[in-house]
Structures are given as C-alpha cells and as structure tokens.
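Work through the exercises below with the model open. Try each task before reading its solution.

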There are 2 protein chains.
Amino acid sequence: MAITTAFGAIDAATGELLEGDFYPAGKEDVDTAMALAVQAFPVYKNIDKDRKAAFLRAIANEILELGDTLIERACAESGLPAGRIQGERGRTVGQLNLFADLVAEGSWVEAIIDSEQPERQPAPRPDIRRMLVPLGPVVVFGASNFPLAFSVAGGDTVSALAAGCPVIVKAHAAHPGTSALVASAIAKAVLATGMPEGVFSMLFDSGYEVGALLVKHPKTKAVTFTGSFKGGMALSKLAAERPVPVPVFAEMGSINPVLLLPEALELRAEAIAAQYAASITMGAGQFCTNPGLLLGIASSGLTRFKEGLKDKISEISSSTMLTKGICDNYHSLSSALLKEKEVSLLVKSEFSTEGVSNQALATVAEVSAKVFLENPSLKEEIFGPWSLLVVAENPAELEAVLHFIGGQLTVSVMAEDSDLEAFSGLFDAAEDITGRILLNGVPTGVEVCAAMQHGGPFPATSDSRFTSVGTTAIRRFVRPLSWQNWDKKLLPAALQDGNPLNIWRMVDQTMTK
Amino acid sequence: MAITTAFGAIDAATGELLEGDFYPAGKEDVDTAMALAVQAFPVYKNIDKDRKAAFLRAIANEILELGDTLIERACAESGLPAGRIQGERGRTVGQLNLFADLVAEGSWVEAIIDSEQPERQPAPRPDIRRMLVPLGPVVVFGASNFPLAFSVAGGDTVSALAAGCPVIVKAHAAHPGTSALVASAIAKAVLATGMPEGVFSMLFDSGYEVGALLVKHPKTKAVTFTGSFKGGMALSKLAAERPVPVPVFAEMGSINPVLLLPEALELRAEAIAAQYAASITMGAGQFCTNPGLLLGIASSGLTRFKEGLKDKISEISSSTMLTKGICDNYHSLSSALLKEKEVSLLVKSEFSTEGVSNQALATVAEVSAKVFLENPSLKEEIFGPWSLLVVAENPAELEAVLHFIGGQLTVSVMAEDSDLEAFSGLFDAAEDITGRILLNGVPTGVEVCAAMQHGGPFPATSDSRFTSVGTTAIRRFVRPLSWQNWDKKLLPAALQDGNPLNIWRMVDQTMTK
C-alpha cells in the first residue's frame, strides 16, 4: 500500500495554510474511480433525458446551497475578489442550467433518419437512423484560473455529464477546499436524483502522477484540460501514445491579438485605452482570452492610445495572483521579455499592495512590428496582467503579424466603418487564425451560449473543431452511431417512428419536428 | 534536381504492364501543389454555394464523359469485374451529386445566432453568430480497394471540396491510369466552372515518400486515408509529431462481427449461409466491411449454417485480387491463421481460375470462443474473401468476444423477435464497439446517405467521432468560427439578418428557416 502525505490549501493573498488536509490519490483510487465509472456508464447513458436534466439542475442548486462558505473558500484559495467569485458561481450555475435545458429539449443528439426505399434500383435502400451517443468515462482536469466555472462542476464536467458520460475530475491542487465543497454538492445531487454512484468521482494530487494515471487508464475515453501549453502537450502526448489513443481537448492559451485600426483610434483613442486597461487587468489578467497583443499602425491616434493606456494602467493597484508559482512565472517571464532586444516598457502599474502575497503589477511593453516579426519569443503568452503593444509601419505588417503569431482563441478589431472598408483584406487572415473574431469589444468575458466558439487553431487549443464553452461543447464527448434496419421497438426513443421525444430531426433530408 | 524513374501500371489479372508511364512526384512538386492550394483557398472558400455545387456536378459529368475508357482501365488495374466498377462509378457520381445538393441547400454550415441582449444584467449579452468554416488544404490518399469511390474523386475528395477545402490527392500506385483519367475529369471541371487552379492537384508515387512529405507539409490542415492499420498508424504518428499537429482520418479496417442468434439459425440457417457466402466473397472480400467474424452458439441450427456455408463457398470460383502484394498477404495471413492452435478449416473454395494472376480462394475457418478469447492474433483482419467462425458455448461467451475484439466499423445481428428479446443484453456491448449496427442484413454495401456512420471506435478508425461515408463526412474538414458584434455587412451570408440563403439556422435556441 502506498503511503501518501497530505497536502494543504494555501491562502493566495497571505501565503498561510488554510483549514483541511487533502490526500493525493494512489493508483488504487484511480482504478476504483474508473471501475465505478465503467459500471455507471451503461446505466447513466440510458437514463432518460428529463432525469439527466434534473440531475444537472440539482447540482446547480446544491452549489447555491453552499452559500458563502463556498465563496469565502474560493476567494481565499484563489486570491480572486468576492465579486469575481460570485460572478463565476453565477456562470457555473448558469452553465449547469443551460445544459439541463439542452438535454431536456433533446435535439442535440442530431437524429437523422433515412427511410427505407424497397423499390430502389439497382438495390433497395435500407432504413438507416443515426444519432450521437456518449463515448464513456471522461477525465476532467480542474483549471487554476476558474476554481468554479472550469473546475469540478465547470464547463467540461457539465458538458460531459450532459452527453451521458461519467466524469472523473482531477482537482487542481491550488483550490482543494473549493473542489471538495463542489464535489460534495455533486455527490448530494447524485443521491437526490438517484444517479449511479460512479457517474462522478474526484481525485486529488499535488503533483502529476494521478493525472498521468487517469490519462493512461485503458477505460478513459476522453480528456479535458485548461492550462499551459506545456501541460496540454504533455497530456496530448500521453494520450496519443496509448495502445488505444483518446482525444485530449486542451485549451493551452493564446495572446488574443487586438487590431487597433486608425480611424477608431483617431475618434476614440482614450476610450479604447480605458476599455483595454480594464480587460488586461481584470482578474489579474488570468484569463485565456486576456488581450496579450495590441497591434496598431504608428499614428497620432496610436500615440494618444499609448498615453491613455499609461494613465489608466498606472492607476491600477497590484492584484493577487492565483498561486505563488503563477506569480513567480509572471515576474520572470515579463522581466525576461522586457530585456529582449528593442523591447521597451510602456507602462507598469505604480500601486503595490504592501504585505500581501503573490502580487502582480499590470505591465504593457512596446516593440516595433519589424522587431516582433524577427523574434518568436515575443509571441509567447505571459499569463497575467500583461500586454505587448506592437507598432506597425503599414497595413502589410499588420497582416504579417497575424500570420506570424498562429492559432488564437480570439482576434479583436477596434474599428470604424471606414476602417472596416480600408482593412477588409485583413479579416480573412484574422479568421484563419482564430475561433472567434469580435468588433469593438474586449475578448475577456466569454459568453456561454450556443453560438460561442471557445477554441482556436493550434496552439490555442489542441483541436479547433471543438469548443469548451457553450452548448456545442457537448460534441467533444459523443460519436455518431447508425442503426440499419434495426428493430423498431429496440431503437432509442430519439430515433423511433412518431418522434416520441418531439425533437428536431433530419428525416429524408428535411428538418422536421 | 531529383532523378525520378517512371513506374508502370499492372494488369491485376494478367500481371502484364498496361499502357502509360507514371512519374513519382518530388519534393518540388509537393511544394508547388501546396503553394497552389494555399493560393486557391481564400478564393475557393469564398465562392458562393451554388457555384461550388455546380463544380461538384461538373466533376460527376466529366467522369461519366470518360465512358468505357474509364471502366476498362479501372477493371484492368484493379482486377474487379465491369459490373462492380460500373456500380462504383455510379456511387462516385452519386456522391458528387449528393454533396452538390448538400452544398446548394446550405444548412450544413450549422449557423447559430444568439442575439444581443443589451438590457441583460449584470452585463449585456453581445450578438454572437457561429458557423462552420473550412480548415484549408486537405491531403487525400487514394484507396486500393475503391479505385473510383474512395480515390481521386471519391468520398474524401468530394466531402473536402464541398467543405471549401482545396484537395491534394496522393494517387494509389495500384491504379495510376484510372487516377489520371479521373484527375483529368476534375481538371476539366475546374476550368469549365472557373474554379481557382490549385483547388485540386494529384501526385503520383510508387512508394511512401510523397505521402510523408504531404502529411508533414506545414500548410496541410487534414489528411484522409483508407487502408491498413499499419499505414494508418504511420500517418497518424507523422501528423501527431508535426510542430502543428493535424488530424488524420484513417479508416484502418475491421473484422465486422456477425452475431448469428439461435432462433434465426433454426428458422433460416441455409438462407443466412447463402447471404453471407455472397457477402464474404463479393469483390474478392476486399471491403472494409467484409464480415470477417461469424459468431454463434453451438446448436443444430449452427451446424446447418456451417453446412450451408460449405455448399455455397465451395461453389464460388476464385477471384482476382487488387494487387500482387494484397494477394500474397492474403495467402500468407490465411495460411498462418489456419496453423494457429485449434483453428480448423471449415471450407475453402474449390474452383480456381487457371492461368490468371492474383487469385484468391474464399476460405472460412472455425475455432471455439474459448480458444479465440485466448489468442489475440485470431482477431486480426485478413483482407480478402475470408471469415472466421467462432463457436460459443453460451451467451456470456458471445458478449466476451464482443468486448475482446474492440472497435469495429459494423456489428451485424441475424435474429428473430425471440432472439432480440433473449439477447437484448448483448446490444449495449455491441453498440459500444461499433459505428453501425444492423439487423438481418450484411455489412457490405455501405449506403451513402445522411444517416450513415462509417467509422468506429479505434482501431476501426482513428477517430470514431467522424464518418468517411455520407454527408456528415464534410465535418472532418471544418471548424466553428464565431463572430461577435461583427459588422452586419461583413458577416458571411449564412449569418446575415433576414437569412438570405434561406437555410436552417438555430436562432436564439429555436430552429428556424
């Protein structure tokens, strides 16, 4: 039997130990959780859609029942302010209810029916019916930067559960107490709604061993991860080398370029500066969609934008980062980048919160497009309240920078109508590198809805064909299955004659309900 | 400059050289084809849907225009009979027209619109619109066993072109003349419908070098392959090791188990035997869906089935295989399997076509489930007119065999109503391992339609979430892109207010047209 040492939870702002001991799982725990998940799968996948929806809603309610206990613990463990954590709880509960609606409505299974054509020549056409079915046990890695919305009961867990897959969460070591609270809420919901025990498990680890065991486990069917490029690639490699490879949906970061077009700057440089100063520093800049690259053409408008940014950023006080490791990284990467050739400091926040741990000061650096295009290290993501202003001489350099930086979660465009006309040639290049393109807004604050795409070409995510935010995130955990001339009584309800579930279906090439 | 040696085309049935010299491409040709594809992409993807549909229909017409020249050449190069090649041309032309219909109808882009909610609290909701957009240049490997329907203008090419992706085909060396004819038809269609030159290219190679260069080329966005497990895995590995990994959709074979249930055998053992003798030997058994595993419980019905199979198979004359390599493999693998412990020969066709090359005799072997479950080498696919009858003692062994064999393209069930009731517990296991489950039919003869799923859990295919046959095959070559608060005039037509394309869209959670 393995001897495990407890690890503790750290208060991000004080560096002190919080209440509670947490134990890293061993190989036996991994096997037990997976055996339970395997046992639960055939039961859970066949539970009717209304009961599944009720389960998801019950999780939402149980999370709300945790009240301020959850808010306080998450604030302490993450260093994030209460308003932000309350908002994140709202998003988490909203996601659970949104997926409950999706499951209850039922059309997401994409039922397609092609009827028999017994008279067709040269051969009769059989009756073929297809729908999406769940893959099986899904391993979810909790994210450091969303202790609620992308952790234990976050977007990955809810979309996998909605799909009909059991979930095993590897809790993030930075917020074990928060994770335990949310897991207890899910456990209550499992009991209250009569779900099979193994539909959800959670395991702790302070290192990488449990995660690796989970990814390599023969019964694992898919993996989700939100974090660093290095972490995402390591998991993808493990998964690809399995005897039976499985998909890893890794969201690995992005610098989210912002195109600052001339007429927009001319008309509202100061307002744009204020908008972006807020976006860069929100949540200590610890968002996958943090605008890490500001891109404009030298002009008087851009000069005003720089002045505006200086004013705003310098007024922003330091903020607590999620962990000491993240904070140390922020300091070393931002310092190193500022030492790169011909990179200069534009502004660094002047207000430091004394005596509080893990503080980051917002920083914006500046470089010419010419220099940027010759130094790939300048396009690496720096996780935190950081952005790099790249100043181009002409529109061609803007396009060159877009091609150079590669796959991104978002591209933002700040533009007036005249800019949109003058720079329309840029947008094809912008669309080619991103999963979301937005006009006159900021990329932070990802809307959870059906039309959201949160996933971009590599290296932003490991698979740009899927999203981790919004209802279509469910597609990561399903595959199509066709039934040919199958017995009418044995067909799943979604495919039966008469459409008993009253869902949208494609029947003989026609959408019908 | 590289010096390349021409290779010739071989008549499969005579082993003689056919007319025509074919030259392996060099690295420069790969670069040129890809540069043209990259140039074509932004033009082609923005061509309106009706013109794209017209292009696909023009390819279909140009293939028909080739007339008997194409049929004769394909028969000679493949050894397949004229009826089969005519049928395959029908399928190929049918696929092109089916995808033309799909493109012209337009709803396949899955347009989703979530409207702005400016009054929402705590923050307004932006306008978000999402649709599927093409990935970019796709590399298609021609398949040996479908010289038309899964080669130059086959299912992979047509679904990639329909998606808006340029295609580069690596022609299969076993049918270069057929490939050249079809490529000439596509080239005519490109010219006639005013498509950009680089939307289609084809390269020859008698070895593996050109394929590897294409998969590793930085501009390649996706790869399709139909062939051996070894070939598919080698390409997947190359693609995963790229600095920017790309998906490989590899269809790598399957033994397509057939569950012969007792009451069905009792009532119609001889008819089932006749049906399966035909399915096993059709096209010299060279189908991905060839029923390579017959699975039943020892009974008098099963004994009658065996007798029926013996009668039918022994009457079937030998058939010409696609290539000498495939034929040699068939002989060595089937001989080796017959030497495995406790495997016996049930029947081998007695009629041999004298003096013709590459002849395969249909063969069925027999083994007990007990022995089968202990010898993984018995579950390897043998490409050709081969099947292995596995005889179980009880229903539990049937289920054990299903779990043991792993991912499959198809599972067939021969059953009466009483069988379906008695064995209903088996179907969950069957569904878990396959992409298509069918009742009282044969798996060969894959219907090309919207509801078809031709892709199963690994190792049947590299990614069970996608199909290579049917209209949803288009999804392999697209990714979602969201536009947030984007300029109304600049939005793609599919996402514009007023629905100018008159397609099905999900607007604020409601399907509407």
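**Exercise 1. A charged pair across the interface**

Solution. Apply the criterion: a side-chain nitrogen of Lys or Arg within 4 Å of a carboxyl oxygen of Asp or Glu. Over all chains, the whole structure has 48.

Two notes on the source apply throughout. The model is predicted, with local features needing pLDDT of at least 70 and side-chain atom pairs pLDDT 80 or more, while totals for chains, interfaces and linings use all residues. Residues are numbered from 1 along each chain as its sequence is written, chains are lettered from A and ligands numbered from 1 in the order in which they are written, and side-chain values use heavy atoms, without hydrogens and water.

**Exercise 2. The interface in numbers**

How many residues of chain A are in contact with chain B, and what area is buried between the two chains?

Solution. 
- Step 1. Count contacts (heavy atoms within 4.5 Å). 66 residues of chain A meet 66 residues of chain B.
- Step 2. Take the buried area, which is the accessible area (1.4 Å probe) that two parts lose on being put together, summed over both. The value is about 5500 Å², and carbon and sulfur atoms give 56% of this.
- Step 3. A:Arg465, A:Arg479 and A:Trp486 supply 13% of the area that chain A buries against chain B, more than any other three residues.
- Step 4. Count polar contacts (a pair of N or O atoms within 3.5 Å; within protein, one must be able to donate a hydrogen and the other to accept it, and residues adjacent in sequence count only if both atoms are side-chain atoms). Between chain A and chain B there are 34 residue pairs, both residues at pLDDT 80 or more.
- Step 5. Assign the elements. Helices (H or I, at least four residues) and strands (E, at least two) are DSSP runs, numbered from the N terminus. Elements of chain A that each supply at least two residues to the side touching chain B include α1 (27-45), α15 (424-433) and β19 (478-484). β19(A) gives the most, with seven residues.

**Exercise 3. One sheet, two chains**

Which strand of chain B is joined to β19(A), and in which sense do the two run?

Solution. Strands pair if DSSP finds at least two bridges between them. Three bridges join β19(A) to β18 (residues 434-439) of chain B, and the strands run parallel. A:Ser482 has B:Arg436 as its bridge partner. Now trace the whole sheet. The order is β21(A)-β20(A)-β3(A)-β4(A)-β19(A)-β18(B)-β17(B)-β10(B)-β11(B)-β16(B)-β15(B)-β13(B), an open sheet of 12 strands with mixed pairing. β21 (510-512) of chain A and β13 (344-348) of chain B are the edge strands, each pairing on one side only. From one strand to the next, the twist averages 20 degrees.

Finish with the helix. α15 (residues 424-432) of chain B lies across β19 of chain A together with β10, β17 and β18 of chain B. The angle to β18(B) is about 140 degrees; axes are lines fitted to C-alpha atoms, for helices over the stretch in contact, and angles run from 0 to 180 degrees between N-to-C directions.

**Exercise 4. The five-stranded sheet of chain A**

Give the strand order of the open sheet of five strands in chain A, then find the edges.

Solution. The order is β7-β6-β5-β8-β9, with parallel pairing. β7 (200-203) and β9 (248-251) each have a single partner strand, so one side of each lacks a neighbour in the sheet. Neighbouring strands are turned by 15 degrees on average, direction ignored. β8 (residues 222-226) pairs with β9(A) over four bridges. Within this pair, A:Val223 stands opposite A:Val248.

**Exercise 5. A pair within one helix**

Why are A:Arg73 and A:Glu77 separated by about one helical turn?

Solution. They are four residues apart in helix α3 (residues 67-78) of chain A, which means about one helical turn between them.
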